[in-house]
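This briefing goes through one protein chain by topic. The sequence and structure come first, and the notes follow.

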Amino acid sequence: MSALLVSAILLAASIYFRRRAGSTNGSATARTHRHFYMHDEYTGPNPTAALIVPGRAPLALPDTVGTSRRFGDIAVMNNALTEGPQRGSRRVGTAQGFTVRVSERGSVNALSMHLVMEDGEFAGSSLVVNGRVDTDLAVRESVIVGGTGRFRFARGYALSRSYDYDLAKGGIVEIDVYLY
């Protein structure tokens with residue numbers, strides 16, 4: 001009986017300490033940093049983002065000459081993730097999701113996005129990003145709430161910055177993802 005009890009305690013302790021050490025069933029989420037650029041294109045021959053539902057009465061924002069955003073706008077995206085900011089840079093994944101304009105003043109969106117990795121050791125894995133994105137801020141923070149494949153049970157945060165962006169046309173957003 002005591003051998004069975006000792007075995008059970010050792011098994012429980014090994015599971016506890018393995019999880020405390022950052023292992024999540026074989027996933028690679030312990031202290032991982034990913035860096036890429038998202039190409040968000042509203043215009044051109046092949047747009048990768050689109051306004052799907054226009055919101056109510058246009059809001060004229062001081063920094064958006066010639067454009068208007070509305071409370072309640074819903075936009076979807078299927079944007080390329082690349083290694084560098086250049087158009088011809090190596091593609092590493094896709095950002096798929098949607099945003100909803102949730103502020104009556106300013107550029108604040110609720111974001112729901114999947115970062116699907118297509119290259120390297122994380123190919124086939126994805127991260128789920130949610131958050132309040134205030135595009136008037138130089139750096140925006142979103143939360144990583146999960147993932148699939150090598151990112152199963154992922155937790156962390158994403159920092160995004162406008163690299164070269166125009167609200168009317170789209171542009172490039174730099175993204176750093178930190179997982180723990």
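**Strand β11 and the overall layout**

Nine of the ten residues of β11 are buried, so this strand is largely enclosed by the rest of the structure. Buried means under 20% relative accessible area, exposed means over 50%, and partly exposed lies in between (1.4 Å probe, protein chains only). The model is predicted: local features need pLDDT of at least 70, side-chain atom pairs count only at pLDDT 80 or more, and totals for chains, interfaces and linings use all residues. Residues are numbered from 1 along each chain as its sequence is written, and side-chain values use heavy atoms, with hydrogens and water left out.

**Fold and chain totals**

- The chain has one helix and eleven strands; these are DSSP runs numbered from the N terminus, with helices being H or I of at least four residues and strands E of at least two.
- Along the sequence, the order of elements is α-β-β-β-β-β-β-β-β-β-β-β.
- The chain has 180 residues, of which 41% count as buried.
- Taking contacts (heavy atoms within 4.5 Å) between residues at least 6 apart in sequence, 47% join residues at least 24 apart.
- The accessible surface of the chain is about 10200 Å², and carbon and sulfur atoms account for 58% of that surface; accessible areas come from the Shrake-Rupley method with a 1.4 Å probe, and for residues only the protein chains shown count as cover.

**Strand pairing around β11**

- β1 and β11 run antiparallel and are joined by ten bridges; two strands pair if DSSP finds at least two bridges between them.
- L159 stands opposite D176 in β11.
- In a regular strand, side chains alternate between the two faces of the sheet.

**Nonpolar core**

- The largest nonpolar core has 23 residues, and L115 and V177 touch the most other members.
- The elements giving two or more residues to this core are β1 (32-41), β5 (74-82), β6 (91-101), β7 (108-117), β8 (126-134) and β11 (170-179).
- A nonpolar core here is a set of buried Ala, Val, Leu, Ile, Met, Phe, Trp, Tyr and Cys residues joined through side-chain atoms within 4.5 Å.
- Leaving aside neighbours within four places in sequence, the contacts of V177 include F36, L115, L127, I144 and Y157.

**H39 in strand β1**

- H39 lies in strand β1, and this residue is buried at a relative accessible area of 6%.
- H39 and A80 are 41 residues apart in sequence, while their C-alpha atoms are 5.4 Å apart in space.
- Beyond neighbours within four places in sequence, H39 is in contact with residues including T48, N79, A80, P85, R87, G171 and I172.

**Salt bridges**

- The whole structure holds eight salt bridges, each defined as a side-chain nitrogen of Lys or Arg within 4 Å of a carboxyl oxygen of Asp or Glu.
- One of the eight joins the side chains of R56 and E104 (2.3 Å, N to O).
- R56 lies in the loop between β2 (49-53) and β3 (58-59) and E104 in the loop between β6 and β7, so the pair ties together parts that are 48 residues apart in sequence.
- R56 is partly exposed at 46% relative accessibility, and E104 is partly exposed at 39%.
- R70 and D73 meet through their side chains in a salt bridge (3.5 Å, N to O), and both residues are buried.
- A further salt bridge joins the side chains of D176 and R161 (3.2 Å, N to O).
- D176 lies in strand β11 and R161 in strand β10, so this pair ties together parts that are 15 residues apart in sequence.
- D176 is buried at 6% relative accessibility, whereas R161 is partly exposed at 24%.

**Surface and loop residues**

- I52, V53, V76 and F98 form a nonpolar surface patch with about 310 Å² of accessible area together.
- Patches are made of residues with over 30% relative accessible area and no salt bridge; like charges are joined within 9 Å, and nonpolar side chains (Val, Leu, Ile, Met, Phe, Trp, Tyr) within 5 Å.
- V76 lies in strand β5 and is partly exposed at 34% relative accessibility.
- D136 lies in the loop between β8 and β9 (140-148) and is partly exposed at 47% relative accessibility.
- D136 and S162 are 26 residues apart in sequence and 9.8 Å apart in space, C-alpha to C-alpha.
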